[in-house]
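Work through these exercises with the model open beside you. Try each task before you read its solution.

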Amino acid sequence: MHQIIVDISISPDEWIKLYQGVATDVHARARDGRSVRFPARILSRFYLQDGVRGSFRILFDDSGKFSSIERF
């Protein structure tokens with residue numbers, strides 16, 4: 001299992017665009033410097049009134065398929 005750690009800050013206005021489908025992917029820089037892109041839907045359970053904010057560990061398999069996400 002592989003992992004990346006990203007620090008995310010998505011405002012409520014930006015989240016609405018993701019939720020409405022105007023944009024479907026989140027682009028971020030992992031802490032190790034890699035540029036990553038992943039579906040915004042994996043962050044939906046972390047949405048609060050102030051948007052999505054925090055550090056997240058994203059786990060994926062050898063083929064790059066998403067496995068799980070956790071906030072830490």
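**Exercise 1. The largest pocket**

How much space lies in the largest pocket? Find its lining and sort the residues by kind.

*Solution.* Start with the ground rules. This is a predicted model, in which local features need pLDDT of at least 70 and side-chain atom pairs count only at pLDDT 80 or more, while totals for chains, interfaces and linings use all residues. Residues are numbered from 1 along each chain as its sequence is written, and side-chain values use heavy atoms, with hydrogens and water left out.

Step 1: the volume. The largest pocket holds about 170 Å³ of space. On a 1 Å grid over the protein atoms alone, a pocket is an open set of points where a 1.4 Å probe fits, with protein on both sides within 12 Å along at least five of seven lines. Points are joined across faces, edges and corners, and the volume is the space filled by probe spheres set on them.

Step 2: the lining. Lining residues have an atom within 4 Å of a point. Here they are Ile4, Val36, Arg37, Phe38, Pro39, Ile42, Ile58, Phe60, Gly64 and Phe66.

Step 3: the elements. Strands (E, at least two residues) and helices (H or I, at least four) are DSSP runs, numbered from the N terminus. Strand E3 (35–39) and strand E4 (52–60) each supply at least two lining residues. E3 gives the largest share, 4 residues.

Step 4: the kinds. The lining divides into 8 nonpolar, 1 polar and 1 charged. Ala, Val, Leu, Ile, Met, Phe, Trp, Tyr, Cys and Pro count as nonpolar; Asp, Glu, Lys and Arg count as charged; the others, Gly among them, count as polar.

**Exercise 2. The nonpolar core**

Which residues of the largest nonpolar core touch the most other members?

*Solution.* Step 1: define it. A nonpolar core is a set of buried Ala, Val, Leu, Ile, Met, Phe, Trp, Tyr and Cys residues joined through side-chain atoms within 4.5 Å. Buried means under 20% relative accessible area, exposed means over 50%, and partly exposed lies in between (1.4 Å probe, protein chains only).

Step 1: pick the residues. The core has 20 residues, and Val6, Ile8, Phe38 and Leu43 touch the most other members. Strand E1 (2–10), helix H1 (12–20), strand E2 (25–29), E3 and E4 each supply at least two residues of this core.

Step 2: follow Leu43. Contact means heavy atoms within 4.5 Å. Leaving out residues up to four places away in sequence, Leu43 touches Ile8, Ile10, Trp15, Val26, Phe38, Val52, Phe56 and Ile69.

Step 3: In soluble globular proteins, nonpolar side chains tend to be buried together.

**Exercise 3. Buried or exposed?**

Is Ile69 buried or exposed?

*Solution.* Step 1: Ile69. It lies in strand E5. Ile69 counts as buried because its relative accessibility is 6%.

Step 1: Arg45. Look in the loop between E3 and E4. Arg45 is exposed because its relative accessible area is 59%. It touches Ile69 and Glu70, not counting residues up to four places away in sequence.

Step 2: Pro12. This residue lies in helix H1. Pro12 is partly exposed because its relative accessibility is 26%. Pro12 and Leu48 are 36 residues apart in sequence, and their C-alpha atoms are 8.4 Å apart in space.
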